[in-house]
Each structure stands twice: as C-alpha cells, then as structure tokens.
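Trainee: I'm new to this one. Could you walk me through it?
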Amino acid sequence: MVDEVVLNDVRLHVADFLAENVEGSEGVKIRKIRFNFEVTNKEYHDITTLLYQMIFDVKIPQLNEEFRAEIHNYATSVTNLYEENAVGDFSLVLLEVNELE
C-alpha cells in the first residue's frame, strides 16, 4: 500500500493511491497516478505554491519509481485554508510526461 508520494522533494502523506498505465496522446503507454491528501492551514501556502509548478519530479518510494509528471486533474474540498485549524482534502491526478517536455 502506497502512503507517500514525493513531488519535487516535498513529501506528501497520501491515501487512496491508484496507479495505472494509460495511452498517452502519441499512443504510447504512460503512467497515471491518483491520490488524496490532507492539507492543514499551516501547509496551505507551501502546497499551493508547489502545485502551481504543474510539472513535477515524482518519486514513489514504496514502488521504487521515479518519473516526471504533470497535473491532469486537481480538486480540493475548500478554497481558503487560512482559518486556524482548517484542513482541506486535496485530490490529484498526475500523468507521466516525456523527458523532453
């Protein structure tokens, strides 16, 4: 069971992790991962700044996998986590990108 994903050296504790191979835009199989994670109001700024980068060096330590990926889909249960003790549920879907992109 995967419970950690690293995006650009930022460790995320994740739930509901799913990995699959899908057909990319050029007909080549690429990795697709989806997972959920919680973000506290203390982490909010750092996590949203990270997600604005859109393309990541992805590491999945428990699967011994590393690849580049971009955000395919992103959702959150809240839009403002600046309230003290607030926690939001984030959902992220990443697709592998070609090393040359």
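Trainee: Among contacts in the chain between residues at least 6 apart in sequence, what share joins residues at least 24 apart?

Mentor: First, this is a predicted model, where local features need pLDDT of at least 70, side-chain atom pairs count only at pLDDT 80 or more, and totals for chains, interfaces and linings use all residues. Residues are numbered from 1 along each chain as its sequence is written, and side-chain values use heavy atoms, with hydrogens and water left out. A contact means heavy atoms within 4.5 Å. Of the contacts between residues at least 6 apart, the share joining residues at least 24 apart is 54%.

Trainee: In what order do the elements run from the N terminus?

Mentor: Helices (H or I, at least four residues) and strands (E, at least two) are DSSP runs, numbered from the N terminus. The chain has one helix and six strands. Their order is β-β-β-α-β-β-β.

Trainee: How much of the chain is buried?

Mentor: Buried means under 20% relative accessible area, with a 1.4 Å probe and protein chains only. Out of 101 residues, the buried part is 37%.

Technical notes: Buried means under 20% relative accessible area, exposed over 50%, partly exposed in between (1.4 Å probe, protein chains only).
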